[in-house]
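I'll jot down what I look up as I go.

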Amino acid sequence: MNALPCTIYVAFTGAFLALVAGARSAQAARVIALLTALTIWGLTLYAASGFVPAAGLQDLVNVPWIPELGIRYHLAADGISLTLLVLTGLAATAGVLFSWNIEERVGEFFALYLALIGGVCGFFLSADAFALFVFYEIAIVPKYFLIAKWGSTNREYGAMKLVLYSFAGSALVLAGVLWAYVAAGGQGFGLAQLADAAAHFTRPQQLGMFALVFTGFAVLAGMFPFHTWAPTGHVAAPTAASMLLAGVVMKLGAYGCLRVAMPLFPVGFAYFQPVIAWLAIAGILYAGFVALVQEDFKFVIGYSSVSHMGFVLLGLAAANATAVSGAVLQMFSHGVIAGLLFAVVGRMVYDRTHTRRLADLRAMPLHRLMPFAAVVFVLAGLASMGLPGFSGFPAELTILIGTWQTKPLWALAAAGGVLVAAAFTLRAIQVAFFGRTGPDLCPAMPHPLPPITWPEKAGALLLLGATIYLGLSPDTLLDWIRPALQSPLFQAILTGGAS
Amino acid sequence: MNADYAGLFNALQPEAHLVLGALLVLGFDMVWARHRPANRHHVALALGLLALALAGWKAAATGNTGLVFGGVLLIDALTVATRVGVITLAGLALCLLPPPSRLRHPAEFVALVLFATTGFTLMAAANQLLIVFLAVELASLSLYVLTGFDKTRPESAEAALKYFLFGGMAAAFLLFGFSLLYGLTGSLDLGTIASQLALQRLSPLLLVALGMVLVAFGFKAAAAPFHLWAPDVYQGAPAPAAALIASASKLAGLVVFTRLLWPGLGSAVGTIAHTPVTLGWGPVVALIAGASLLLGNLGALAQSNVRRLLAYSAIAHAGALLLGVIAAGRLGVAPLYYYAATYGLATVGAFGVLAVLEATGPAQKLTDLAGLHRRSPLLAGCLAVFVLSLAGIPPLAGFFGKFAVFAAVLRLGGLSGPAGWLALLAIALSAVALYYYLLILKQALVAKPAADAAPVKVPLPAACALLISAALLVILGVFPSLILGLF
């Protein structure tokens with residue numbers, strides 16, 4: 001466990017080294033980035049190997065930082081943060097592999113990429129609201145440059161929209177946290193400390209603070225109706241950034257809701273619980289239907305992310321041990337699957353065919369031109385639909401079971417989303433890869449496509465392996481997550497349900 | 001009054017060094033350097049920096065001696081920190097000295113910067129109305145001349161004239177306000193004024209006096225609705241002068257303003273943290289702060305000129321700084337000082353980048369920055385640090401400054417009064433601000449350079465100033481206690 005804080009320092013050091021090395025040699029920057037990502041992933045796995053699941057956060061670092069305001073540099077982890085850190089390491093490694101073909105300003109690309117990873121790692125480890133907020137904002141700014149510089153379609157608009165939404169969300173969080181800090185007497189920002197103090201807040205205070213903090217984080221998690229930044233941003237982003245954005249950064253929002261908003265303000269949560277659940281269901285269904293009619297392949301995946309993140313939010317809103325552990329599992333599962341889908345669409349297909357319009361792709365026999373991509377996308381699509389054997393199945397099933405225990409109606413409504421997900425995924429598979437069965441050459445695409453490279457294969461296999469392993473053995477993660485939910489902070493918000 | 005000349009001499013050592021340094025620069029230039037045009041700039045710059053270094057060292061070494069010369073000056077932790085702060089900022093601004101082609105009289109320019117800095121350090125120590133006025137005027141007159149110093153551009157003269165007319169009006173307001181205060185209390189000494197005012201009700205005459213003083217300082221701080229001079233002056237003034245106006249002048253002005261309002265007129269503050277609001281200077285300052293936040297942030301959105309954009313951003317920051325002034329009475333000046341000092345560093349840096357660019361070509365429109373990362377990675381990297389700090393992105397100092405000020409304002413009374421709501425407004429507007437700051441960075445870091453854009457060579461003094469400012473912003477941002485611990 002003590003290795004976990006090193007992930008932050010490794011990421012920032014790697015970012016600096018990639019920037020310096022990138023000025024001389026692009027290949028050196030790539031290798032440094034890959035080594036850094038592998039080191040981060042290795043550190044999280046090493047920490048996981050020695051991890052003893054327990055209730056509550058296990059302290060890693062806890063030193064005074066800004067004593068004048070009672071701010072401490074306090075890092076701690078439990079099974080939930082560990083799950084998400086392993087995901088971060090995995091997605092980071094795969095993302096580097098899928099951006100091996102970037103040729104322009106490589107050093108800067110990987111420096112920003114690794115800085116983003118560093119911010120994400122710090123966010124998942126923070127047990128002090130100030131540190132958490134600092135890492136959160138560190139993770140926001142690199143996104144703008146990654147998209148605006150290396151992105152595609154409408155990139156400057158997408159980048160600005162995404163960053164302004166994220167920053168507006170963080171402003172809400174800041175307002176809520178500062179309000180709580182002040183109402184608690186201005187002693188400090190420790191999450192446990194704030195939670196203790198929050199027990200004595202008045203009801204209007206709790207409601208107001210919860211609304212601010214939860215909405216702020218939910219914007220980043222892509223909650224309906226604040227989700228519109230996600231599809232445009234993900235579509236505009238370069239492949240690795242889409243993978244990280246959908247795979248990891250949206251999880252920051254969900255994690256923030258679970259770690260900060262809900263345990264700190266249980267009264268506020270109880271009040272808003274039905275609203276959150278219905279917004280989550282609206283997101284699942286609405287984004288699913290929108291994905292069904294998209295003409296741009298990447299937009300299908302972008303909206304599917306919003307739909308799947310709706311399940312996470314629904315699991316959180318259902319607030320029992322089953323549903324919440326399912327939500328955390330879904331965060332991991334969606335991180336892997338979304339990464340895979342974006343990798344196929346953005347890197348394997350778009351970088352070769354230079355089109356993402358489904359009408360154009362339909363004219364190409366992609367299943368024969370790119371069998372590897374077709375297989376990967378079909379498997380990822382199956383996982384995304386929630387078929388048994390892939391991680392999506394235990395995750396969404398656990399969420400639905402848990403939600404049923406709280407409110408059967410919510411589960412029924414959300415189950416409709418599973419059908420829609422199957423519909424839009426199958427449509428995308430069918431149109432993009434199996435649209436044409438004629439001869440190999442077609443007028444839309446005069447040249448033979450470049451073959452799939454080894455970094456792409458390695459990255460795809462890595463992610464596929466993770467989703468299948470988790471589909472077969474979800475208990476690996478659930479054994480970490482469930483004990484974490486036994487901590488008193490979570491018990492205050494969790495009701496009923498099997499644990 | 002007991003005439004403690006030794007104490008006075010000791011307390012004024014930084015000012016003495018600055019004035020002697022200025023005279024030395026002028027004399028040396030007249031006797032020796034004017035006949036050696038190749039070295040004239042370097043000599044003036046070196047002597048100026050030496051004088052600033054000695055003055056800074058003396059200011060730090062003086063220590064907290066408390067009231068000096070019967071209360072004319074006050075040397076406390078805030079004075080020492082402010083003196084060191086303004087001298088550092090002036091030194092950084094001085095490193096941006098324009099090239100010989102645009103500045104024919106470097107010695108006069110350096111001497112004026114030193115005189116202005118003398119005014120700033122005196123403002124930091126002033127504890128009596130007359131000294132306050134003299135210090136403010138010494139600084140202002142030097143700045144008017146500095147603003148008009150670029151004789152190659154008509155905008156510079158225009159800016160100087162506007163600045164002078166507005167400034168002269170503000171000085172008149174200040175003097176009138178001070179004379180009314182003297183009439184009400186019979187004293188120029190801030191301590192005596194405070195004790196006299198504590199016995200008085202809030203008379204209409206006192207309200208007029210407060211209004212006059214607030215107008216004058218609103219002008220100094222470039223706060224709305226007294227901000228009209230700022231965009232023109234920021235656009236027209238030579239870069240070091242604009243940097244000085246935006247950084248050191250602001251820091252010194254806010255410190256003297258806080259000193260005047262809280263220890264001097266603290267009994268007339270009214271309430272601001274809780275409803276119902278009662279009249280005093282507090283609600284008025286809050287109104288000015290709110291107007292500045294709104295006008296600065298929204299006005300900046302429409303700018304296409306970098307310097308005017310920085311001016312509107314300065315107006316917005318003035319609003320946040322005035323919130324710090326409101327909080328300073330109960331929760332100390334540490335957040336205000338931290339914010340003002342780090343804001344100054346970031347602004348000096350941003351003007352520094354523009355100053356280097358101006359030497360090689362146009363640097364007025366946002367699009368003139370296009371492709372800066374290709375033309376000079378050093379400039380682009382530093383500009384990113386400065387602009388992100390202005391936008392309040394951690395781990396840079398601008399973030400913690402905002403955080404500390406907003407936390408302090410909210411601590412005054414939570415959300416039960418206008419102050420708390422103003423803090424929330426400021427937090428919300430910081431998301432708006434990110435938009436226009438990113439527009440600058442989009443040009444500098446993302447856009448491709450124009451076809452004819454040549455690489456930029458950064459002169460050594462400017463490179464040092466930029467790197468020092470950027471490093472300070474990072475270090476102070478990660479370890480804010482380095483400054484907060486001083487108070």
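This is a predicted model: local features need pLDDT of at least 70, side-chain atom pairs count only at pLDDT 80 or more; totals for chains, interfaces and linings use all residues.

How many of the 18 residues of α8(A) are buried? I counted 13, so I'm noting this helix as mostly covered, going by the cut-off of 20 or more other C-beta atoms within 10 Å.

**Helix α8 of chain A.** I looked up its ends next: α8 covers residues 203-220 of chain A. From first C-alpha to last it reaches 26 Å, close to the 26 Å expected at 1.5 Å a residue. Just after α8(A) I found A:Gly222, with a positive phi of about 75 degrees.

**The core.** Which residues have the most contacts inside the largest nonpolar core? I got A:Leu313, A:Leu314 and B:Val409, in a core of 430 residues. I then picked A:Leu313 and set aside its neighbours within four places in sequence. What remains in contact with A:Leu313 is A:Ala218, A:Ala221, A:Met223, A:Ala254, A:Ile276 and A:Ala280.

**Helices α1 and α4 of chain A.** I checked how α1 (residues 4-22) and α4 (residues 106-125) sit against each other. Their axes come within 8 Å and cross at roughly 170 degrees. Angles over 145 degrees count as roughly antiparallel, so that is what I call α1(A) relative to α4(A). On the α1(A) side the contact includes A:Ile8, A:Ala11 and A:Phe12, and on the α4(A) side A:Phe110, A:Leu114 and A:Ile117 are among the residues taking part. Sorting the residues of this contact, I get 17 nonpolar, 6 polar and 1 charged.

**A:Thr83.** This residue is found in helix α3 (residues 79-98) of chain A. Is A:Thr83 buried or exposed? It counts as buried, because it has 28 C-beta neighbours inside 10 Å. Not counting residues up to four places away in sequence, A:Thr83 touches A:Val328, A:Phe332, A:Leu477, A:Trp480 and A:Ile481. I also looked at A:Leu329: A:Thr83 and A:Leu329 are 246 residues apart in sequence, yet 8.2 Å apart in space, C-alpha to C-alpha.

**Where the chains meet.** I found 27 residues of chain A in contact with 26 residues of chain B. On the chain A side, α5 (129-150) and α6 (155-183) each supply at least two residues. α6(A) gives the most, with 14 residues. I sorted that side of chain A too: 22 nonpolar, 1 polar and 4 charged.

Methods:
Residues are numbered from 1 along each chain as its sequence is written. Chains are lettered from A and ligands numbered from 1 in the order in which they are written. A nonpolar core is a set of buried Ala, Val, Leu, Ile, Met, Phe, Trp, Tyr and Cys residues joined through C-beta atoms within 7 Å. A residue is buried if 20 or more other C-beta atoms lie within 10 Å of its own, exposed if 12 or fewer, and partly exposed in between; C-beta atoms are placed from the backbone. Two residues are in contact if their C-beta atoms, placed from the backbone, lie within 7 Å. Helices (H or I, at least four residues) and strands (E, at least two) are DSSP runs, numbered from the N terminus. Ala, Val, Leu, Ile, Met, Phe, Trp, Tyr, Cys and Pro count as nonpolar, Asp, Glu, Lys and Arg as charged, and the others, Gly among them, as polar. The expected span of a helix is 1.5 Å times one less than its number of residues. Axes are lines fitted to C-alpha atoms, for helices over the stretch in contact, and angles run from 0 to 180 degrees between N-to-C directions. Angles under 35 degrees count as roughly parallel, over 145 as roughly antiparallel, 65 to 115 as roughly perpendicular and the rest as oblique.
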